[in-house]
Amino acid sequence: GWRHFFVCQALTALLLVSFFRASLTMPGDVPEGEAWRFGTFKDPNITQEVKFSGERRRCKHCLIYKPDRCHHCRICKSCILKMDHHCPWIMNCIGFRNHKYFFLLIIYSMLCCAFIGVTVIGTILESLEQEMPVCQRFLLLLCFSTSSIMGGLLVVFAAFHVMLMLRGLTTIEFCEKMSIVTSGKSSKYDMGAYRNITAVFGPRPYLWFLPVDPPAGDGLRFAKPRGRSLAAPRYLPHDPEWT
């Protein structure tokens, strides 16, 4: 009925807006200026992350020093602030400025699949009790199977990214081989569950699930966890590029 129509249209609209914002929003580039230009680095305290050798992280392609959590993408051919990964499905990198929209895209895609799967069950049951062309029964089963499979995959994908968010990690940081001297497997950027969520979804909880109000900050510097003193993470000497 009308309730199904409005729910369907609302979910579809939120999915499409999240998709276009994740695709069209620049993930965040290192600003031009002497502070980051290779060969003119002055302030040794502007970044905390260093290579295994103790040297500051720098990009040989962009000829700049990398801010914390910044990585070079060979597909986008630029250094991305707080890079999570490069997503081929939206043809864009996921970084500081569009991470929220990517997260919402996953959530609303999952909800759309769940909505389709649940609402089509009633029609499938009706098709068992009344005459219906075989091709229509096949399409109903195909719709249910596809939405169930995609929804299940999206649940796993969403759970993985929720875990990363709650631990204050990006996908790259999760995959990297880095050693933090005093904290074992803890993330240097773990601020506690609530502050980790606001670092992705923004400071206003009532806008968390709308594709507006991105997180505060500039993507260049990140707050230190309260009550903890962690040594700077040391990366492998070849500081990998990510695609």
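**Labels and their cut-offs**

Mentor: Let us begin with R69, which is buried, with a relative accessible area of 5%. Before we go on, note that this is a predicted model, in which local features need pLDDT of at least 70, side-chain atom pairs count only at pLDDT 80 or more, and totals for chains, interfaces and linings use all residues. Residues are numbered from 1 along each chain as its sequence is written, and side-chain values use heavy atoms, with hydrogens and water left out.

Trainee: What makes R69 buried?

Mentor: Buried means under 20% relative accessible area, exposed over 50%, and partly exposed in between (1.4 Å probe, protein chains only). R69 has a value of 5%, so R69 counts as buried. Across the chain, buried residues make up 43% of the 243 residues.

Trainee: Where is R69 placed?

Mentor: R69 is in the loop between β3 and β4. Helices (H or I, at least four residues) and strands (E, at least two) are DSSP runs, numbered from the N terminus. By that count the chain has 5 helices and 8 strands, and the order from the N terminus is α-β-β-β-β-β-β-β-α-α-α-α-β.

Trainee: Why is the pairing of R69 with E173 called a salt bridge?

Mentor: The term asks for a side-chain nitrogen of Lys or Arg within 4 Å of a carboxyl oxygen of Asp or Glu. For R69 and E173 the closest N and O atoms are 2.7 Å apart, so the pair qualifies. R69 lies in the loop between β3 (64-65) and β4 (71-73) and E173 in helix α4 (residues 171-175), so the pair ties together parts that are 104 residues apart in sequence. E173 is buried, as R69 is.

Trainee: What else does the side chain of R69 reach?

Mentor: The side chain of R69 reaches the backbone oxygen of G168 at 3.0 Å. Contact means heavy atoms within 4.5 Å, and beyond four places in sequence R69 touches residues including E49, R57, K82, G168, Y189 and F222.

Trainee: How many salt bridges does the structure hold?

Mentor: The structure holds 4 salt bridges. One of them joins the side chains of R204 and D213 at 2.5 Å, N to O. Another joins R221 and D218 at 3.6 Å, which is within 4 Å, so the R221 and D218 pair also meets the definition.

Trainee: How do you know whether R204 and D213 are buried or partly exposed?

Mentor: R204 has 37% and is partly exposed, whereas D213 has 14% and counts as buried. In the other pair, R221 is partly exposed at 46%, and D218 is partly exposed at 29%.

Trainee: What makes a set of residues a nonpolar core?

Mentor: A nonpolar core is a set of buried Ala, Val, Leu, Ile, Met, Phe, Trp, Tyr and Cys residues joined through side-chain atoms within 4.5 Å. The largest one here has 25 residues, and I90, F103, M165 and F201 have the most contacts inside it. Helices α1 (2-24), α2 (99-127), α3 (134-166) and α5 (193-201) each supply at least two residues of this core, and the largest share, 12 residues, comes from α2. A second, separate core of 11 residues includes I64, C70, F96 and L220.

Trainee: Which residues does F201 touch?

Mentor: Not counting residues up to four places away in sequence, F201 touches K100, F103, L104, I107, M165, W208 and D213.

Trainee: Is C79 buried or exposed?

Mentor: C79, in strand β5 (residues 78-80), has a relative accessible area of 2% and is buried. Leaving aside neighbours within four places, C79 is in contact with residues including C59, C62, I64 and C70.

Trainee: What makes W2 exposed?

Mentor: W2, in helix α1, has a relative accessible area of 65%, which is over 50%, so W2 counts as exposed.

Conventions:
Polar contact = N/O pair within 3.5 Å; in protein donor to acceptor, adjacent residues only side chain to side chain.
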